[in-house]
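Hi,

Here is the structure I promised to pass on to you. Have a look at it first, and then read my notes below with the picture open beside you.

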Amino acid sequence: MNITTSEENNHTIVSIDGKVDTNTSPDLERTLSGLIEAGQVNLLADFENLSFISSAGLRVLLATAKKTKAQSGSLKVCALNPTVKEVFDISGFSTILSVFPDRTSALGN
Amino acid sequence: MPVDSLHSRRVWHWLQLSAVCASIILIGAGLVFPLAGVGLLLALYVLDLIAWYGLWQARHRSPRLAFTLLLITAPWELLFISTAVVDDALPLIWMLRFTRLLQLNMLSVHHERSELSASGYLKLVRLIFNIALTTHICACVWLVLGLSNADSWLAPLLEAGLADSSLYIRSLYWTITTMTTVGYGDITPGVDAEYLFAAFVMLVGASFYAYVIGNLASVLAQFNAQKSAYQERVRVVANYLRNQQVPVELIGRVQNYYDRRWQRYRHYDEQNLLNDLPGSLSVEVKAELARNLIAKVPLFQMVSLPIRDLLLGKLRLEFVDPGSLVTRAGEQTHRIVFIAEGELEVEYQGAKIGTLSAGDYFGNHSLILQERATATVTTRGFSELMYLDQHEYERIKRDYPEFVDMVSKAMSINSEQMTEWMLEGVVL
């Protein structure tokens, strides 16, 4: 899994490449927690190149969403592939998190 | 429930009300005071109006039944009194009115599909009713024959000035002594018509014996037939378990489970019953059985009717006893579990973290993430669960891609507790 971060339109964009599973989710958690601690609470997770997410990855997203909300920020998610979208839909994450079809719509919202 | 079935049920209530009230009046006034007054007769006509209203409503649904009941309740006696003085014609009118009692017989036929009849009680009531009605009709004819001839069996009694009710009682007494072949011989025919009728009653009486004995045997055999069959099956299971040296405590639990299941469903194997029915009817019945579930689970209210029916068709129903393991931590689950009734306990890392109740569902996380469950779910009391197996879920998703969106929307309503648990590490 590769994580890259960038800044755009008052958001910190976290692009995730590869799989988020039990082994890689601690890395994602560290990255996201670090950003929040640095005061970057408007996060956008770009999943365009994410091929798989496990319950551990969903937990990281859930915990991050809670933390950002507590600091009046938000965690948005965009560009989910069909497999990941189904996981989000069936597990209820589509309604817990703000999910957008692509980066532009997420930043424009 | 479809409107027409509701309507039909209401119609039956009207008919029952009319039939029972009419019967009370007929039995009370007709048997004890066979020559009762015009007022009661008018009351019967009012009750008939209620019955006719019900028949009018039921004419499309059960035309044959409506027609038969109309024939039974029609005021045929009015045909006979057009030229006669009402007071003189009253005995005849009352006798003809007794055809109304056939309504009761018709209604008992309607109830034959109910459990009451299966238990044999209704059959016994019908048997007694048929005996009483046949005896009464014969007694009435015997009385009419007596009234219409100067040399009849009734002549000495009329001369003695016996009351009308006494005449009827004598007639009834003669009928019973003849039908039961006792034949005291104190009342004998006087004219040809009476001889013929007496011979007829003797023949009827002999056949009646066969009818009564045959029916009694059948009623006794069928008393609680359904429950007996069920208990027999339970006995077979218990005997098998005993032979296999299963602990007594466990056998007790099995018997307890069957007892509760009987109380709940009054049927041995509802799944087979549903499989027996054609597809659409089975779904309709299942929708009725699962009405609690449909009312409580948001998913069922959100999906379109075709998907709801498909879901109901694919759901497996299971009645589960207390303490049953539904999901075990460490196991990969391949089904979504819907709770229709009962309460389930969730245990995570050795601690009880909460409960799930009617309307909740779980298994979707484990199924979609292809991960093993991390929590154990057991039933607290007797529970009714419905399972949607993974391959059925995949099929619905393939045929109706919008299903996933609907699940997503439904999850938002039901997911607060699950979200918290997921944060703690629970996968169900």
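In chain B, four strands form an open sheet in the order 1-8-3-6, with antiparallel pairing. Helices (H or I, at least four residues) and strands (E, at least two) are DSSP runs numbered from the N terminus, and two strands pair if DSSP finds at least two bridges between them. Strand 1 (316–320) and strand 6 (361–362) of chain B are at the edges with a single partner strand each, so one side of each has no neighbour in the sheet. Strand 3 (residues 335–341) and strand 8 (residues 383–389) of chain B run antiparallel and are joined by six bridges. To find one of these pairs, look for Glu341(B), whose bridge partner in strand 8 of chain B is Glu384(B).

Before going further, please keep in mind that this is a predicted model, in which local features need pLDDT of at least 70, side-chain atom pairs count only at pLDDT 80 or more, and totals for chains, interfaces and linings use all residues. Residues are numbered from 1 along each chain as its sequence is written, while chains are lettered from A and ligands numbered from 1 in the order in which they are written.

Now to chain A. It has five helices and five strands, and from the N terminus on they run β-β-α-β-α-β-α-α-β-α. Of the 109 residues in chain A, 42% are buried. A residue is buried if 20 or more other C-beta atoms lie within 10 Å of its own, exposed if 12 or fewer, and partly exposed in between, with C-beta atoms placed from the backbone.

Strands 2 and 3 of chain A pair in the parallel sense over eight bridges. Ser15(A), for example, stands opposite Asp46(A) in strand 3 of chain A. Between these strands the chain passes through helix 1 of chain A, and this β-α-β crossover is right-handed; that is, with the strands pointing away from the viewer, the path from the first strand over the helix to the second runs clockwise. Strand 3 of chain A also runs parallel to strand 4 (residues 74–78) of chain A, with five bridges joining them. Here Ala45(A) has Val77(A) as its bridge partner in strand 4 of chain A. Strand 3, helix 2 and strand 4 of chain A make a right-handed β-α-β unit.

Which residues are buried in helix 1 of chain A? They are Ser25(A), Leu28(A), Leu32(A) and Leu35(A). Seen down the axis of helix 1 of chain A, its buried residues fall within an arc of 90°, so they line one face of the helix; the arc is that of the directions from the helix axis to the C-beta atoms. The face turned away from the buried side of helix 1 of chain A carries the exposed residues Pro26(A), Arg30(A), Gly34(A) and Glu37(A). Among the elements that cover the buried residues of helix 1 of chain A are strand 1 (2–8) and helix 2 (55–70) of chain A.

Gly57(A) lies in helix 2 of chain A, and is buried, with 24 other C-beta atoms within 10 Å. Leaving out residues up to four places away in sequence, Gly57(A) touches Val20(A), Asp21(A), Ser25(A) and Leu28(A); two residues are in contact if their C-beta atoms, placed from the backbone, lie within 7 Å.

Asn9(A), in the loop between strand 1 and strand 2 of chain A, has a phi near 50°, a positive value in a residue other than glycine. Gln245(B), in the loop between helix 12 and helix 13 (248–265) of chain B, has a positive phi of about 55° although it is not a glycine. Asn9(A) is exposed, with 12 other C-beta atoms within 10 Å, and Gln245(B) counts as exposed with 7 C-beta neighbours inside 10 Å.

Lastly, how many residues does each chain give to the contact between A and B? Chain B gives 19 residues and chain A gives 15 residues. On the side of chain B that touches chain A, helix 21 of chain B provides the largest share, seven residues.

Happy exploring!
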